[in-house]
Amino acid sequence: GLSQDIRRYLANEAIAARPPSLFYEIRVLARRNRAVVASIGLAFVLLVAGVIVSLTLLVRVNKEKERAAIAQEFLSAVIASAGPTHIGGQTTVVDVLDQASGWLAEESSTDPETEAELRLAIGRGYLSTRHNREADEQLTTALKLLRAALGDTHEKTLELERELHAFY
């Protein structure tokens, strides 16, 4: 019996000297079928990696959908504010920018990166109309928001810093 168990052990088969436990049976099976076990392990690792990548992309898509909804709400508010409400039925670009700025000040659910991009657009609008004080206020706030949301070394933050340095 001992010699048979030694032969079985050397052939990666179950031995008869003791009752086999489930863990022991799995170990023996794994030793006999290393390629199959390695393939199953690789498939499992790839499956887990796929799930992680999919969930990461899903989170990113949902965040972008939320940002698009905020931007659409903002654009709708800006367009609605462009109606002829002032004396003589005239609404200027600066009036629209002022109202857009006010809308952003009231909106508290906007995420920092989206708010920074909207303030950047408003600031550029003020610059084009030569309202430098208002432009500076919007662009400086946008820079603070980008630094908080993305960090000092992110491409968007650095680009806005360069734009502000050119402005001053």
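Accessible areas here come from the Shrake-Rupley method with a 1.4 Å probe, and for residues only the protein chains shown count as cover. On that basis the chain exposes about 11500 Å² of accessible surface, 62% of it belonging to carbon and sulfur atoms.

This is a predicted model, in which local features need pLDDT of at least 70 and side-chain atom pairs count only at pLDDT 80 or more, while totals for chains, interfaces and linings use all residues. Residues are numbered from 1 along each chain as its sequence is written, and side-chain values use heavy atoms, leaving out hydrogens and water.

## Overall form

The chain holds seven helices and zero strands (DSSP runs of H or I with at least four residues for helices, of E with at least two for strands, numbered from the N terminus). Its C-alpha trace spans about 110 × 35 × 20 Å along the principal axes.

Of the 168 residues, 26% are buried, meaning under 20% relative accessible area with a 1.4 Å probe, protein chains only.

## Two nonpolar cores

Let's look inside. A nonpolar core is a set of buried Ala, Val, Leu, Ile, Met, Phe, Trp, Tyr and Cys residues joined through side-chain atoms within 4.5 Å. The largest one has 13 residues, and Phe74, Val78 and Leu104 are among those with the most contacts inside it. Helices H3 (34–80), H4 (93–106) and H5 (112–128) each give two or more residues to this core, with the largest share, six residues, coming from H4.

Beyond its neighbours within four places in sequence, Leu104 is in contact (heavy atoms within 4.5 Å) with Phe74, Glu115, Leu118, Arg119 and Ile122. A second, separate core has nine residues, including Ala116, Ala142, Leu143 and Leu164.

Conventions. Buried < 20%, exposed > 50% of the residue type's maximum accessible area, 1.4 Å probe, protein only.
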